[in-house]
Amino acid sequence: RWAEGPQARPRDNGAEQQLRELIQAAASPQELLQVSRGPGLSSNLAALAIARLARLAREQRLDSEGIRGDPRFQQLLCAVDAQISQVWNTPLVQLLRSLLALGLARGGPQVRSVEQEVLWRLRRLPLRQLVHLAEHLVGQGHDSLLLPEVLRKLELRWTELDGTRTVVTLMAKVGHLSPTLMERLEDKALELAEQFDPDELRRVALALALQQRRCVPLLRALSYHLLQKPAELPLPVITDLLFAYSKLSFQQPQVLHRLSLELQPHLGSLSPAQVSRCARSFASLRWLSRPLAEAMVQYCLENTQNLSLTQLCGILVSFARLNFQPSSSEEFFSMVHERLQGQELDMHLLTDVVWSLCVLQQPRPPHLHQVLSPEFHTRLRGDSSPRAQSSWLKLLHINATARLEAPGYQGPFLPPEVLGGDRDKDKDKDKATPLQRGLREALPGALGGHELVRYDVSTVYGWDIDAEVVLDSDNKALPVRDFSAPHLSHSEGTKPLPPGARRVAVLRWELPQFSSRGRELLGRGSMARRHLRAAGFLLAEVSTARAGLGAGNHP
């Protein structure tokens, strides 16, 4: 029963050889069904005939119900079932796939019998057949006990994997079902990364992204070998890699430079949805390619009628996150305002759009009025979801823009009682970064006392200040809590600043590791600096490099 290797296969006699040739040459189901009445029909040949039937039915788009109801097909099934142990491994795996393709019930006796035989032989199946079996079962959404057993065997035999196609296929189609197997596949992919072609690099990166597996060593290897490919990358490779890197927040400057450079000539052939997705991906990676961004602006101007409002808003928000001002800004923003006029947007999307216009210094009074009206912010204030909290923070920034940068705007504004921060300061202190702790240690000594500095200040403008100092006209620090503070929701002091005195805000910038110009590329940072300067602050800025950007309302 278990001797399934080639050496154990019986030699074909003349009748069997003739039947085999008939099966292989058959061009219609009728020719194959006649085989069931031929002499010398073995279970192995019957399995081959059924597999050939399924293939013809698929290629010729035939009605499988007529095949299932034919008595000759039932004879083929009986021939297989009578001596299923004599069916060779490859036809057996093909048989399982074929029975399901022909519409036989998954819980039916024929399918169960084949499944059981496959289950008994799993340990002896070649790895290639295990891979094909796993791929098929996953594709069929098969819920039998067979799939978990196949996955267990693959987990144990992963060291036998030696081909890039097999590794890539398993990562893309099977890996999500078994974290253990996926870890082994990542190790094998790291070993084979040099052999991957661009499409295989794409599929591996996409598999990691869709499964949210940020395997940094593998991503670095994929990036390195991608850069070694001399030929121009196909468009699907560019767009999928861009999506994968943004999904995993993996910034690799040389790769991003190449992707942006090679994407630009193809921009005109992309759909509006694809252009919007690419813009959002670059924005999430904090990567600005000005020539590509200018090309996107031109695409928007040339395809205004094809862009949906949601897609246009996605591109606008991406430009704001990157603090990108188009060279043809007047034409671009006129088109944006025209498209927005009279449109009803989702509450959160509308907040994002108006915030983006504020970042890019392009808001108009009707937009400010719409989001700062009591009816709007009351609805937003009553929502405790993370997205609503993010939108509320943006609303504070919009309110600050209306107060500080829109002299012609007469209101409404957010009421004073909803401004300012209510964060847990002790909790934030526990989470202080080394740079913050260093500031708290150094500033009192440099200035002459703890009462001369206020730390972790949440302003009514929606921005956090790491430290605040008041200096007189001779640059001597004054007790900061003695003076009125219009930037706070509740001021501790009442004295006005002495003549010539200035407020200094110490801001901590967390920049991407790959960009020495990260501060200039961030729309949030640009807006924070403008607001605080307009509120009368001098800015003292310190920075530290990190892989990602901080969250919350810090610049």
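**Helix packing and backbone features of the predicted model**

At a relative accessibility of 9%, Ser281 counts as buried, a class that covers residues under 20% relative accessible area, with exposed meaning over 50% and partly exposed lying in between (1.4 Å probe, protein chains only). The structure is a predicted model, in which local features need pLDDT of at least 70 and side-chain atom pairs count only at pLDDT 80 or more, whereas totals for chains, interfaces and linings use all residues. Residues are numbered from 1 along each chain as its sequence is written, and side-chain values use heavy atoms, with hydrogens and water left out.

Ser281 lies in helix 16 (residues 272–284), where helices (H or I, at least four residues) and strands (E, at least two) are DSSP runs numbered from the N terminus. When its neighbours within four places in sequence are left aside, Ser281 is in contact with Leu242, Phe243 and Ser246, contact being defined as heavy atoms within 4.5 Å.

Phe243 also takes part in the contact of helix 14 with helix 12. The axes of helix 12 (residues 198–210) and helix 14 (residues 235–247) come within 9 Å and cross at roughly 30°, the axes being lines fitted to C-alpha atoms, for helices over the stretch in contact, with angles from 0 to 180 degrees between N-to-C directions. The two helices, helix 12 and helix 14, are therefore roughly parallel to each other, a term that applies to angles under 35 degrees. Helix 12 contributes Pro198, Asp199, Leu201, Arg202, Ala205, Leu206, Ala209 and Leu210 to the contact, and helix 14 contributes Pro236, Val237, Asp240, Leu241, Phe243, Ala244 and Lys247. By class, this contact of helix 12 with helix 14 has 11 nonpolar, no polar and 4 charged residues, where Ala, Val, Leu, Ile, Met, Phe, Trp, Tyr, Cys and Pro count as nonpolar, Asp, Glu, Lys and Arg as charged, and the others, Gly among them, as polar.

Helix 3 (residues 43–59) has 17 residues and reaches 24 Å from its first C-alpha to its last, close to the 24 Å expected at 1.5 Å a residue. Just after helix 3, Arg61 takes a positive phi of about 55°.

Further backbone features occur in loops. Gln212, a residue other than glycine, has a positive phi near 55° and lies in the loop between helix 12 and helix 13 (216–228). Asn475, which is not a glycine, has a positive phi of about 65°. A cis peptide bond, with omega of about 10°, joins Gly411 and Pro412, and Pro412 lies in the loop between helix 23 (386–404) and helix 24 (425–430).

Note on methods
The expected span of a helix is 1.5 Å times one less than its number of residues. Angles under 35 degrees count as roughly parallel, over 145 as roughly antiparallel, 65 to 115 as roughly perpendicular and the rest as oblique.
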